[in-house]
Amino acid sequence: KLDTLRQFGSSLQGHPDMQKLAGIEFSTGSLGHGLSAAVGVGLGLKLDASPYRVYALVGDGEVQEGSIWEAAMSASHYKLDNLCAVLDANGLQIDGKVSDVMSIEPIVERWKAFCWHTLEVDGHSFDELIQAFSTAQTVNGKPTMIVARTVKGKGISFMEHNVGFHGKAATDEELTRALDELETALKGIEEK
């Protein structure tokens, strides 16, 4: 499927499309509507006294949108402790550095100010992420935000911190190089 990345009609055309990609419940984009949809589902589950939980992934450029903060306010008002969101805080968005476009820091304190249980983790650490998700399941009376500090393009030398790869597919040559780098890194991990 990687050879169809960013191609119209592909399941990997760009923004997640619930009609083309299994596991995607809502087709959303950079406008922050995913968190609003998650709040609606979480509220519906609460009203039905359902034990299910809702998870949403948002980007750091995305939290510049007002709809994110309306959703954040609603989630805390309705005490949606069945809602857990993850903020991919990699510092880059399609227009450049998040701090240059519109700074979101101090982001952890902002989510806390909106009455969310807020955790900050290394987004590349499975152990920290698993612990954060476990903690989120124990929180009562408020939603949880996991601020995952990440590096865009992690593990691929020419993609790390490179905003140019935010919205474009790698060339065949770049893809080969990237897969070689990831394979080498994986072998190093397996040897440990």
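**Figure 1. Helix α5 and the elements that cover its buried residues.** In this predicted model, the buried residues of α5 are covered by elements that include β2, β5 (117-122) and β6 (144-149). Helix α5 runs through residues 126-136, and its buried residues are Leu129, Ala132 and Ala136. Looking down the axis of α5, you will find these buried residues within an arc of 65°, so they line one face of the helix. An α-helix has 3.6 residues a turn, so residues three or four places apart point the same way.

**Figure 2. Helix α2 and its packing partners.** Helix α2 spans residues 66-77, twelve residues in total. From the first C-alpha of α2 to the last is 17 Å, close to the 16 Å expected at 1.5 Å a residue. The buried residues of α2 are Ser67, Ile68, Trp69, Ala71, Ala72, Ala75 and Ser76. Just after α2 comes Lys79, with a positive phi of about 55°.

**Figure 3. A close look at Ser76.** Ser76 belongs to helix α2 and is buried, with a relative accessible area of 15%. The side chain of Ser76 reaches back to the backbone oxygen of Met73, at 3.1 Å. If you set aside neighbours within four places in sequence, the residues in contact with Ser76 are Phe114, Cys115, Trp116 and Pro143.

Figure 4. A pair of aromatic rings is described by the distance of the centres and the angle of the planes. With centres within 6.5 Å as the cut-off for pairing, the model has five aromatic pairs. In one of them, Trp111 and Trp116 have ring centres 4.9 Å apart and planes at 70°, so the pair is edge-to-face. Both Trp111 and Trp116 are buried. Ring pairs also join Trp69, Trp111, Phe114 and Trp116 into a cluster.

Figure 5. Phe158 counts as buried at 16% relative accessibility, and Phe165 is buried with a relative accessible area of 16%. Over the ring of Phe165 sits the charged end of Lys168, 4.7 Å from the ring centre.

Figure 6. Most residues other than glycine have a negative phi, and most peptide bonds are trans. Here are some places to look for something else. The peptide bond from Glu105 to Pro106 is cis, with omega near 5°, and Pro106 is placed in the loop between α3 (98-102) and α4. Cys115 is not a glycine, yet has a positive phi of about 65°. You will find Cys115 in the loop between α4 and β5, where this residue is partly exposed, with a relative accessible area of 43%. His161, also not a glycine, takes a positive phi of about 60°. The loop that holds His161 lies between β6 and α6 (172-191), and His161 is exposed, with a relative accessible area of 54%.

Note on methods. Residues are numbered from 1 along each chain as its sequence is written. This is a predicted model: local features need pLDDT of at least 70, side-chain atom pairs count only at pLDDT 80 or more; totals for chains, interfaces and linings use all residues. Side-chain values use heavy atoms; hydrogens and water are left out. Rings of Phe, Tyr and Trp (its six-membered ring) pair if their centres lie within 6.5 Å; planes under 30 degrees apart count as stacked, over 60 as edge-to-face and the rest as tilted. Buried means under 20% relative accessible area, exposed over 50%, partly exposed in between (1.4 Å probe, protein chains only). A charge sits over a ring if NZ of Lys or CZ of Arg is within 6 Å of the ring centre and within 35 degrees of the ring normal. Helices (H or I, at least four residues) and strands (E, at least two) are DSSP runs, numbered from the N terminus. The expected span of a helix is 1.5 Å times one less than its number of residues. The arc is that of the directions from the helix axis to the C-beta atoms. Contact means heavy atoms within 4.5 Å. A polar contact is a pair of N or O atoms within 3.5 Å; within protein, one must be able to donate a hydrogen and the other to accept it, and residues adjacent in sequence count only if both atoms are side-chain atoms.
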